[in-house]
2 protein chains.
Amino acid sequence: MPRCIAVDLGGTLLRVAEVNERAEIAWRASVPTANTGHPQHVLDQISELIDVHASHAVDGIAVAAPGPLDSRQGVVARIPTLKGWNDVPLRDALRTRFSLPVLVENDAIAAAVGQWRYGAGSGCDSLVYLTISTGIGGGIISDGRVVRGRRGFAGHFGHMLLDPRSSLRCACGHLGCFEAHASGSALDSQARLMSSQGSSKCQALWAQVVRDTQPAASHLALAARLGHEPSLRAWRKLGVRLAQGVVSIVHALDPERVILGGGVSQSYEWFEASLHEQLAQLLMPEFKSVTVIPAHELQDAGLLGVASLLMETIQS
Amino acid sequence: MPRCIAVDLGGTLLRVAEVNERAEIAWRASVPTANTGHPQHVLDQISELIDVHASHAVDGIAVAAPGPLDSRQGVVARIPTLKGWNDVPLRDALRTRFSLPVLVENDAIAAAVGQWRYGAGSGCDSLVYLTISTGIGGGIISDGRVVRGRRGFAGHFGHMLLDPRSSLRCACGHLGCFEAHASGSALDSQARLMSSQGSSKCQALWAQVVRDTQPAASHLALAARLGHEPSLRAWRKLGVRLAQGVVSIVHALDPERVILGGGVSQSYEWFEASLHEQLAQLLMPEFKSVTVIPAHELQDAGLLGVASLLMETIQS
């Protein structure tokens, strides 16, 4: 049975697994991604993990890496958190080193494929996957095919312009991006701005958070659970902003499902109501039947997704 | 050689032509679309035009009609300007009447295909076509394939939310849609609001327009040519708003080209500068290489596009 090495090249963690065509994982391993300024050190790490764990030959290597990533040329344009990762011809470097077929794909597109084949997108031909964590990225499946655009950069939903009058600056440097309003970073900013005044027990706890640490999205989830009204408001606002972006995506792409993944989506319960209320208000009648749901908790969605894309090319 | 009848079922004009697989038009004809509340009267019109003009059998019928249109089921969801066109199973009705293969497609997607194969999109694998007239619609080609979404409703770009704080109401009933800010209707509103005060010769002419008629987008183009500053400002503003929508589309879909069609795009010279200036400001570095250009003047883009889609299905 065909099997491959699947790699999730993250900005902090390098995850490697052996996956067969039934999406079964034989072994997996991870190490902190080497941030030495020399991409070949990450290739060394991949080699070592394979040497230690693999007990037989494989049919190819599939890599998911942060975008923008040119999946046609197999070139990683940049990884903001890793030094020296600018226009790295990752596919060719891996091919040369391992003499195997190599496929390189944007990690959000890989996760979209993983959710489509093994998660919340099962049985669905047209979907959009959104990963909502520090930033916002995504992947598009339409008519049972991955939509990549010219170079594989499609799905940079985080940099859709959500609010042209906004004064919120995005990590990309522009004002008013979807990501600036509806990501984990947006929640972090929100948390930092939240007052620690007030006399309730919740407010006292929040004051302690402010004193002891830099308040962030994670605190908002805990505080919401304790009934902290400003935190609950922050989540409701996130739901509204998310809906505003999702509405544009749905009208542009007519997906059957929109699947919300990434760390922020694990707090779905806190923004579910405002998200769906806003969607009901803003979607045109013909588009109201779209299903907007959280991703399945699939730790390996990206690994399985990118492995399945490689298996297709090997078998075809 | 395969040939078909191509139909452009417009809200005001019904255009019919015979097209062969080389995209040559043997004959064409048009009549005002029958607006009797009975869709079968439009089918009667199509029959009559075929009876009068066709001198031999054809291999199928391809229809472009306004959306939302379910191209999988061949059902026209609604045509706002024609009475009785709600959930009309147009494909099945035509099949029954003519006993021929029938393909039904959204008119903006048909025009996108026409521009892709015979116009400004030639030789390009990934593009977005925008039709900017009374409203804004469009079509997506990615990786050499039409992106339709679940039912064929993809490309409703006009109802992307451009400005959540806007007080401009769109024809769809919502506030702040792309269409409310950057279409011919937006220009019409703009023209109506424009002052007829001022002492310059241009202002005197504008005062006459206001006195004699309802000012509209068409007057703005004429007035711009005469150097009327308020009209030039209206066009510059349109370019800025168009750019804001195009930026979201480009980051979401990574097209190689964005092609601007529809009546408003014929005034491209008046908004070209502000459009490109704003695009240069708002696009991420990796996306700046996208080409944003006017459509080729192809009166028959929709007819040729939908005919070519039908030819594909007949031959495959």
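Predicted model: local features only at pLDDT ≥ 70, side-chain atom pairs only at ≥ 80, totals over all residues.
Residues are numbered from 1 along each chain as its sequence is written, and chains are lettered from A in the order in which they are written. Local features need pLDDT of at least 70 and side-chain atom pairs count only at pLDDT 80 or more, while totals for chains, interfaces and linings use all residues; side-chain values use heavy atoms, with hydrogens and water left out.

A search of the whole structure gives 6 aromatic pairs over all chains. Rings of Phe, Tyr and Trp (the six-membered ring of Trp) are paired if their centres lie within 6.5 Å; planes under 30 degrees apart are classed as stacked, over 60 as edge-to-face and the rest as tilted. The pair of A:Trp235 and A:Phe271 is stacked, with 6.2 Å centre to centre and 20 degrees between the planes. A:Trp235 belongs to helix 8 of chain A and A:Phe271 to helix 9 of chain A, so this pair ties together parts that are 36 residues apart in sequence. Helices (H or I, at least four residues) and strands (E, at least two) are DSSP runs, numbered from the N terminus. A:Trp235 is buried at 1% relative accessibility, and A:Phe271 is buried at 0%. Here, buried means under 20% relative accessible area, exposed over 50%, and partly exposed in between (1.4 Å probe, protein chains only).

A:Tyr268 and A:Phe271 form an edge-to-face pair, with 5.5 Å centre to centre and 85 degrees between the planes. These two residues are 3 residues apart in helix 9 of chain A, and are therefore separated by about one helical turn. A:Tyr268 has a relative accessibility of 11% and counts as buried.

The contact between the chains was examined next. About 4,100 Å² is buried between chain A and chain B, 51% of it on carbon and sulfur atoms. Buried area is the accessible area (1.4 Å probe) that two parts lose on being put together, summed over both.

Between chain A and chain B there are 8 salt bridges, a salt bridge being a side-chain nitrogen of Lys or Arg within 4 Å of a carboxyl oxygen of Asp or Glu. Across the interface, 32 residue pairs are in polar contact (both at pLDDT 80 or more). A polar contact is a pair of N or O atoms within 3.5 Å; within protein, one must be able to donate a hydrogen and the other to accept it, and residues adjacent in sequence count only if both atoms are side-chain atoms.

A:Asp143 forms a salt bridge with B:Arg72, with the closest N and O atoms 2.9 Å apart. A:Asp143 is found in the loop between strand 10 and strand 11 of chain A and is partly exposed at 22% relative accessibility. Phi of A:Asp143 is near 60 degrees, a positive value in a residue other than glycine. A positive phi, near 50 degrees, is also found for A:Asp87, which lies in strand 7 (residues 86-88) of chain A and is exposed at 56% relative accessibility.

B:Glu286 is found in the loop between helix 9 (268-282) and strand 13 (291-294) of chain B and is buried, with a relative accessible area of 15%. The side chains of B:Glu286 and A:Arg78 are joined by a polar contact of 2.5 Å. Apart from neighbours within four places in sequence, B:Glu286 is in contact with A:Pro68, A:Arg78, A:Arg151 and A:Phe153.

A:Pro68 is found in the loop between strand 4 (61-65) and strand 5 (69-70) of chain A, and a cis peptide bond joins A:Gly67 to A:Pro68, with omega about 0 degrees. In chain B, a cis peptide bond joins B:Gly67 to B:Pro68, with omega about 0 degrees. B:Pro68 is found in the loop between strand 4 (61-65) and strand 5 (69-70) of chain B.

Note on methods:
Contact = heavy atoms within 4.5 Å.
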